Every structure is written in structure tokens, then in C-alpha cells.
Amino acid sequence: MITRKTDEQIELMAAAGKVHARCMQLVRKKCRAGVTTAELDEAAEKFIRSQGGVPTFKGFRGFPGSICASPNAMVVHGIPGPYTLEKGDILSVDIGVTLNGWVADGASTIAIGEIDETTRRLLDVTKESLDLAAAQMVPGNRVSDLSNAVQTHVEAAGFSVIKTLVGHGIGQEMHEAPQIPNYGPPGKGPEIEEGMVFAIEPMVNVGVAGIFMDDDGWSVYSEDGSMAAHFEYTVAATADGPRILTPWDEG
Ligand code: MG
């Protein structure tokens, strides 16, 4: 069952999303060569708590970090730690913020200094696929219209959509129904209704679509070691169209 949020509830989620967006901007500013992902984690947690929020990921199924920090071929769920950023790296940063019981979830892949041309294109294409999917978050569309928007754009660029990881509904729980795959034909699945809020999150590899999990039980890598990107927004379907509740790329 997909819950529909009232206008008041969407405002509460937007408040969590505002903290999220500011946290992402803060982390992005700190992302430079020589910085460890543990330092980013610490800064993010401190900021979220200073705003009265809670880092949603911390303790989730035992996850030790406040953010996920996944460099280069690591797609998602990286545990912050001693990894030290280098020029030419990319870092996928995923942040969850719970504020007054409502959750905002979003991710961005950040370039550390100059990156090679293929990796730059990976980041651009993955972000564009998120924007195209978010634009489909309109009452009357179906869930797979989002999926199809991602897949079509990513595959036209010659990259691979990861099929075994999905986006999700979101609200008072981080993971609510429905699941939102990043591939599939348009016009399928549940109809999107006003008040539904989804975390849309394309995950894309330069090379093959396959992934594997590290021995740590969390870190997910591209199977062929190629660079991977992850961009995510929490988006509400409103009468006025899609509303991005985690506007981390504004300002
Ligand atoms: Mg998510």
C-alpha cells in the first residue's frame, strides 16, 4: 500500500529535506583531496544534529555511519572511514535526515578536482536521468514511467543501469512502498497519485550492469571495477507537479 501524504505532511518532509540539502552542500564543500570519508561523516552528523535532526542511516540495520560514502567503483552503502580522497576521484554521498519523525533521503556523486571525460559524462548523464525521472512524478503517470525515463537516458549514453538496487517510497519510514526500479517499459505499475512521495535514485555504472557486495556486508561495487554514480532526490507528486524536497543542487 502506497501512502499519500497530506500537504502538512509534505511540508514536514520538506523541512527534513531542507536540512538534508544544506548538509549535502556542506559535505560537497568539504570534499577535496586529503580529506577522509570519516571526516565527512563527522561533519554531516554534527550538522544534522545541530538542526534538531537525526542521521537516518546511523544504526539502520547496524550501519555504523551517519552517511554513506562510496568512492569510485563503489556504487552505494560505503562505510565512512580512513579512505582519503584523491584528485580524480568521485565520491557518492548518500544522506538521510529524520526531522520530527519524517525522513528525507538523497544522494549526489561529487567530483574531487579534475576528473576524466568519461567519468564526467557518467555524472552528467546520471544526474540528467534523475531529473528526467523526477519530471515524471506527476499524478496520473505510473511508477514505471520514472523507471523508463532513467533507463532510456542512461542506455542512450552507453552506460549501464544497475537493476538489483531500487528507489522507494518514503515518509515516516525511510523505505516504504513501492519499489522503484531504474529500468522497465513505460506505463506499468501503480498509478502515481497526489501526495505520494518517492526517493528516486538512479545508480549507474560506466561498464557492465552487474554489482557485488564486499566482505564488510555493506559496500556495493560495480562488477567490472568501472566507475559508478548515484544521484537521488526525495520527490513529492503535487497538484502543481513534481516537488523536489531535497534540493541539494540549488544555491
Ligand atoms: Mg534511497
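Predicted model: local features only at pLDDT ≥ 70, side-chain atom pairs only at ≥ 80, totals over all residues.
## Around T118

T118 belongs to helix α3, which covers residues 117-134. With a relative accessibility of 36%, T118 counts as partly exposed.

## The magnesium ion

Let's turn to the metal. Four protein donors lie 2.1 to 2.3 Å from the magnesium ion: D105 (OD), H168 (NE2), E201 (OE) and E232 (OE). Along the chain, these donors follow the spacing D-x62-H-x32-E-x30-E. Distant parts of the chain are linked by the pair D105 and H168, which are 63 residues apart. D105 sits in strand β5 (residues 102-111), while H168 sits in strand β7 (residues 167-169). Both D105 and H168 are buried.

## The cysteines

How many disulfides are there? The count comes to 0, where a disulfide needs a pair of cysteine sulfur atoms within 2.5 Å. C23 is in no disulfide, and the nearest cysteine sulfur to it, that of C31, is 11 Å away. C23 is also buried, at 0% relative accessibility.

For C68, the closest cysteine sulfur is in C23, and at 12 Å it is too far for a bond. C68 counts as buried too, because its relative accessibility is 6%, under the 20% cut-off.

Notes: Residues numbered from 1 in each chain as written. Heavy atoms only, no water. Donors = N, O, S within 2.8 Å, 3.2 Å for Na, K, Ca; no water. Helix = DSSP H or I, 4+ residues; strand = E, 2+ residues; numbered from the N terminus. Buried < 20%, exposed > 50% of the residue type's maximum accessible area, 1.4 Å probe, protein only.
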